[in-house]
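Please read each point against the coordinates.

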Amino acid sequence: MKILDIALKDILRSLRNYFFLGFGLGVPILMGVIFYFAFGGLASEDGFEIAQVEVLIVNRDEPLAEYDGFSAGKILADFLQSEELAGLLAATEAASAADARAAVDNQEADVAVIIPADLSTAAFDPQGKAEVEIYHDPTLTIGPGIVTSIVTQFMDTLVGSKIAAGVAYDQLTAQGATVDAMVLQNVATQYGEWSATLAESQGASPLLDIRSPAGKKEEEGNMALEMVGGVMTGMMVFYAFYTGAASAMGILQEEQDGTLPRLLTTPTPPSAILGGKLVSVFALVIVQVLVLMAFSSLIFKTEWGAPGPLSMAIVGLVVLAASFGIFIMSWLRDSKQAGVVIGGVMTVLGMVGISSVFTANVPGAEGGITEILPLFVPQGWAMRAWRLAIEGSTAGDVLPPFGVMLVLAAAFFAIGVLRFKKRFV
Amino acid sequence: MNENDNHLAIQAQDLHKNYGDVYAVQGVSFDVQVGEVFSLLGPNGAGKTTTISMVSCLLAPTQGDVRVMGHSVKSDPMAVKAAIGVVPQEIALYEDLSARENLTFWGKMYGLRGGALKQRVDEVLEVIGLDERQKGRVSKFSGGMQRRLNIGIALLHKPQVLILDEPTVGIDPQSRRNILDSVKELNHAGTTVLYTTHYMEEAQELSDRIAIMDHGKIIAYGTHEELVKIVGEMDRITLTINAESAKVIERWQATEGVEQVTAEDGTVELLVDDSNLVLPHLFETATQAGVRITSVDIQEPNLETVFLHLTGRALRD
């Protein structure tokens, strides 16, 4: 219980400490934001809120006279302009596909939905095929995603109606019944109503074609965000080791302030005092990593990879950063020495460790010194595990650096604790 | 343990503390009775703090042992720590926490929990006069307020023995007065006090018994009266005269009750058995010799005199 009391006291003090708030959370976030602006991500994302998506509809669909003027294109256009979607979409009709594409290119609209002339025909022709084109700025992700999802739902329902009408036609004619257009339309309508009650279905429709403006690719559009994600990972690793060292420095600071000797005059076992301080070091690094991850996910849309490899990277970073901090501080005499070490040694080690963030895309860097050198410092192993995780590697891929991190952490922790116990207990 | 040991709050036996070739404490032994105020008096570097660090289980003795309320610091340090409250010389508080947060944390370290902890924190805040500033950050407190909180922490668990290490160093006279009064009140309430100081007046005012320390050893030990008897019961009279006269010096030396006379540059020092009896004769002799006494200073024997007598140095050197 006293271990937790001591840990909570230290955590409370750290959260009131400008050093932790500034260097542990503020600076890494600031660095990420600077990179984000530098790569233009913010300018193209319309801020951090989901704004109403500007949609231009070009409905070239020709109604089918034999089906009482049925037009799938009109239904889709009306749906996109319906009040139900008014909160999400600001949809208007454009005169031509060229005008709509030009408006998107000029950033006057976010998305253009271009409905082909044969959509209705394709809906009733068993061999028919038509493509609804969704044209958007590749640097935008949220708005086009919403429109794509809505159109996909519509198209799924349309395809389902078509299949249902086809099956009904085959069965009725096989039984000698006469099937006219009105019957098929009724079948399709009933299917549509039934389908509307089902859960939303996802996935590509054979009638759906999502295209980006000519000359740009979706991947290129996300490059800035991916780079910011890499930078945020580097910052997180870099500053997690700072936090580990700075938190462990609290042991030296308390010795200087006289509160540690005073604690030793209370009926609290020395092992509990040291244990409480170690718990606080781990807890603060965990808080820092989770806050930075959450921030990066929310603002920069960073994708951290699968839960398994990600968990290994988080655990490895936390235990290694905290243990390394304890290890380093156990060799120092007082907080003045610690200040020099944190300011100098940790900075150099950190820069070496995360250098792969900046050299990863350099031609010829793979397998070279820039990839090997970071592995001589603990930060380099943490960085390797994180890169593998965010690149979508499997748990098996992350296991080797994770194992090295655990072994290093165990060694640092054991040496640090032994030295502190010898000193205070 | 004999029957008398039951009345002993602290029993230090042949304590030694060495740091390599440096002997910080050498063979210190003393007893503190339950309910008394016992002071360790000595100049800086005398070994007082090292001694109470061993009593507080902060330092392990190189040799010897201390028993506090019957528990050995060597074999049962946790029981010793539960019995004592320590007020360190330097203020040892968490400045980024409030007064209440500090007291609550330290209370937990003394094993208090829940309602009992809250109640005791409230009581101590009132005792140290910080109940209205309980939510204020300690870093914003004055030196006197921090000193009071520093003492308050040691009172949280109602210790049987309160150990104060030079608690009045570097503070203003009013705060000093408050601390001395607090120590007296705590002692009257039954708390045994072990107090270290290099201020003779504090030791004299507070203590039932005093141990004078120098160079890691106890050089004298007893009540104030017992210590003063070391230098006898003579008064010291210092006279300033307008003209040095061999004749009057000779007559003063011959006066009954005067033990010793030394004169230098118009100042005459006399050691006398009783200044009240001797002083009229000194004035009469001076008048007869045509010598005028311009100032008189009478000093009864005190701890300063004792320390001077035993070491040849002043206490504050």
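This is a predicted model: local features need pLDDT of at least 70, side-chain atom pairs count only at pLDDT 80 or more; totals for chains, interfaces and linings use all residues.

1. Chain A contains 18 helices and five strands, and of its 425 residues 41% are buried. When contacts in chain A between residues at least 6 apart in sequence are considered, 79% of them join residues at least 24 apart.

2. The largest nonpolar core is made up of 140 residues, and those with the most contacts inside it are A:A245, A:L317 and A:A385 from chain A, together with B:V55, B:I163 and B:L194 from chain B. Helix α10 of chain A, which runs over residues 223-257, supplies the largest share of this core, namely 17 residues. Apart from this core lies another, of 33 residues, which includes A:V58, A:V111, A:V113 and A:A122. As a general background, nonpolar side chains tend to be buried together in soluble globular proteins.

3. Which residues surround B:V55, once its neighbours within four places in sequence are left aside? The residues in contact with B:V55 are then B:I10, B:A12, B:V66, B:V68 and B:V73, along with B:I163 and B:L194, and these last two are themselves listed with B:V55 among the residues with the most contacts inside the largest core.

4. Between the chains, 17 residues of chain A are in contact with 18 residues of chain B. On the chain A side, the elements that give two or more residues are α1 (2-15) and α11 (259-263), and the residues of that side comprise seven charged, six polar and four nonpolar.

5. Helix α10 of chain B, residues 275-288, has 14 residues and should span 20 Å at 1.5 Å a residue, and this agrees with its end C-alpha atoms, which are 20 Å apart. Within α10(B), the residues B:V278, B:L282 and B:A286 are buried; because they cover an arc of only 70° around the axis, they lie on the same side of the helix. Exposed on the other side of α10(B) are B:N276, B:L277, B:P280, B:F283, B:E284, B:T287 and B:Q288.

6. What do the buried residues of α10(B) pack against? Their partners in chain B are the strands β11 (235-241), β12 (258-264), β13 (267-272) and β14 (293-299), as well as helix α9 (246-253). Following α10(B) comes B:G290, which has a positive phi, near 75°.

Key. Residues are numbered from 1 along each chain as its sequence is written. Chains are lettered from A and ligands numbered from 1 in the order in which they are written. Helices (H or I, at least four residues) and strands (E, at least two) are DSSP runs, numbered from the N terminus. A residue is buried if 20 or more other C-beta atoms lie within 10 Å of its own, exposed if 12 or fewer, and partly exposed in between; C-beta atoms are placed from the backbone. Two residues are in contact if their C-beta atoms, placed from the backbone, lie within 7 Å. A nonpolar core is a set of buried Ala, Val, Leu, Ile, Met, Phe, Trp, Tyr and Cys residues joined through C-beta atoms within 7 Å. Ala, Val, Leu, Ile, Met, Phe, Trp, Tyr, Cys and Pro count as nonpolar, Asp, Glu, Lys and Arg as charged, and the others, Gly among them, as polar. The expected span of a helix is 1.5 Å times one less than its number of residues. The arc is that of the directions from the helix axis to the C-beta atoms.
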